[in-house]
Amino acid sequence: MMVVLSGLLAASLAIGLPVGSAYADEPTDGTGAGTSATEVLDSLEVKGRAPKTGYKRTQFGKAWADVDHNGCDTRNDILNRDLTGVRHKWRTHNCVVKSGKLHDPYTGKDIKFKKGKKTSTAVQIDHVVALSDAWQKGAQKLSEERRTALANDPYNLLAVQGRANQKKSDGDAATWLPSNKGFRCEYVARQIGVKHKYSLWVTQAEKEAMAKVLSSCPTQTVPDYTGVKDSTAEKTTESEQTEQTQTEQSAEQAQQTQQTTQAPAPEPAPAPAPAPQPAPQQDVHYQNCTAARAAGAAPIYQGQPGYRSQLDRDHDGVACE
């Protein structure tokens with residue numbers, strides 16, 4: 001027995017480990033992985049949201065940079081990780097994803113992805129902790145190198161449904177949660193892990209919202225993996241989605257036909273006026289991608305203010321990637 005212990009001690013000293021750590025297996029990425037999410041949440045500083053003044057996307061480095069130097073940009077790294085049945089664009093060394101299928105963690109739906117000007121936006125890469133939110137909760141105090149790491153950290157990135165990503169925008173847990181309730185515990189726990197890793201704080205409202213979600217899953221730990229485990233939530237199959245889409249399209253066509261063939265009916269009583277919405281920014285124009293990045297607008301998805309096909313070099317619906 002003494003011989004075995006002596007051997008372990010010698011091996012530990014030989015590789016530079018402190019005595020007694022030969023069996024240590026603690027997470028070293030700073031996320032608190034494997035620890036109770038509630039405990040890690042309680043360790044985060046609680047402060048008010050700082051002003052957004054000075055925020056630009058470029059404060060977090062070049063969008064989708066190849067920070068791990070594997071020859072593939074971060075966007076395609078995440079698509080390769082999160083999609084199944086992936087097919088790649090020819091002569092891109094298995095980097096640029098041409099097509100695949102995503103089981104979206106935010107909605108629980110299966111989504112076909114096809115790279116193209118009008119189709120790429122169906123799947124987008126979301127920052128679990130939005131960069132704007134991070135900026136207002138401590139990231140402006142980080143070095144540019146550290147902020148670039150945050151923006152490209154696979155632990156903080158998920159391939160998700162484009163519409164869900166747009167609805168989330170830069171919201172935190174107090175203002176937005178995934179519609180897929182079966183993923184909310186993991187989602188909140190991952191946000192906590194990201195904020196712990198990069199020394200970001202939470203607001204009181206955000207902490208209360210996170211605690212409420214975690215109260216339904218008291219054994220939830222901070223995830224110790226970068227991807228998403230298969231949710232047990234009920235899936236919406238591709239055939240169901242296609243059938244639903246076709247039904248909606250048929251209903252719209254029937255309604256349009258009816259409107260053109262029938263005499264106009266008497267106008268119904270006016271509905272209550274909707275809440276005022278901000279006017280769309282139709283006049284946004286960026287001369288080039290450099291200007292778009294300087295304004296913190298890149299990447300620009302098709303349909304968003306400032307998108308132009310001239311800025312979308314590969315015509316996949318995402319300009320200034």
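Predicted model: local features only at pLDDT ≥ 70, side-chain atom pairs only at ≥ 80, totals over all residues.
The protein has 321 residues, and 41% of them count as buried. Its secondary structure consists of ten helices and seven strands.

**The largest pocket**

- The space in the largest pocket amounts to about 970 Å³.

**Aromatic rings**

- There are eight aromatic pairs in the structure.
- One of them joins Tyr106 and Trp176: the ring centres are 5.2 Å apart and the planes stand at 65 degrees, so this pair is edge-to-face.
- Tyr106 sits in the loop between β2 and β3 (110-114), while Trp176 sits in the loop between α6 and α7 (184-197), so their pairing ties together parts that are 70 residues apart in sequence.
- Both partners are buried: Tyr106 has a relative accessible area of 0%, and Trp176 has one of 13%.
- Trp176 also pairs with Tyr187, with ring centres 5.8 Å apart and planes at 75 degrees, so this pair is edge-to-face too.
- Tyr187 belongs to helix α7, so its pair with Trp176 links parts that are eleven residues apart in sequence.
- Tyr187 is buried as well, at 1% relative accessibility.
- Together with Phe183, the residues Tyr106, Trp176 and Tyr187 make up one aromatic cluster.

- As background, most residues other than glycine have a negative phi.
- Trp64 has a positive phi, near 55 degrees, and is not a glycine.
- Trp64 lies in the loop between α2 (37-43) and α3 (74-82), and at 7% relative accessibility it counts as buried.
- Asn94, also not a glycine, has a positive phi of about 55 degrees.
- Asn94 is found in the loop between β1 (84-88) and β2 (97-103). With a relative accessible area of 58%, Asn94 is exposed.

**The protein as a whole**

- Among contacts between residues at least 6 apart in sequence, 68% join residues at least 24 apart.
- The protein exposes about 18,600 Å², and carbon and sulfur atoms supply 52% of that area.

How values were computed. Residues numbered from 1 in each chain as written. Heavy atoms only, no water. 1 Å grid on protein atoms, 1.4 Å probe; cavity = no way out; pocket = protein on both sides within 12 Å on 5 of 7 lines; lining within 4 Å. Points joined across faces, edges and corners; volume = space filled by probe spheres on them. Helix = DSSP H or I, 4+ residues; strand = E, 2+ residues; numbered from the N terminus. Buried < 20%, exposed > 50% of the residue type's maximum accessible area, 1.4 Å probe, protein only. Contact = heavy atoms within 4.5 Å. Areas by Shrake-Rupley, 256 points an atom, 1.4 Å probe, with all protein chains shown as cover. Phe/Tyr/Trp six-rings, centres within 6.5 Å; stacked < 30°, edge-to-face > 60°.
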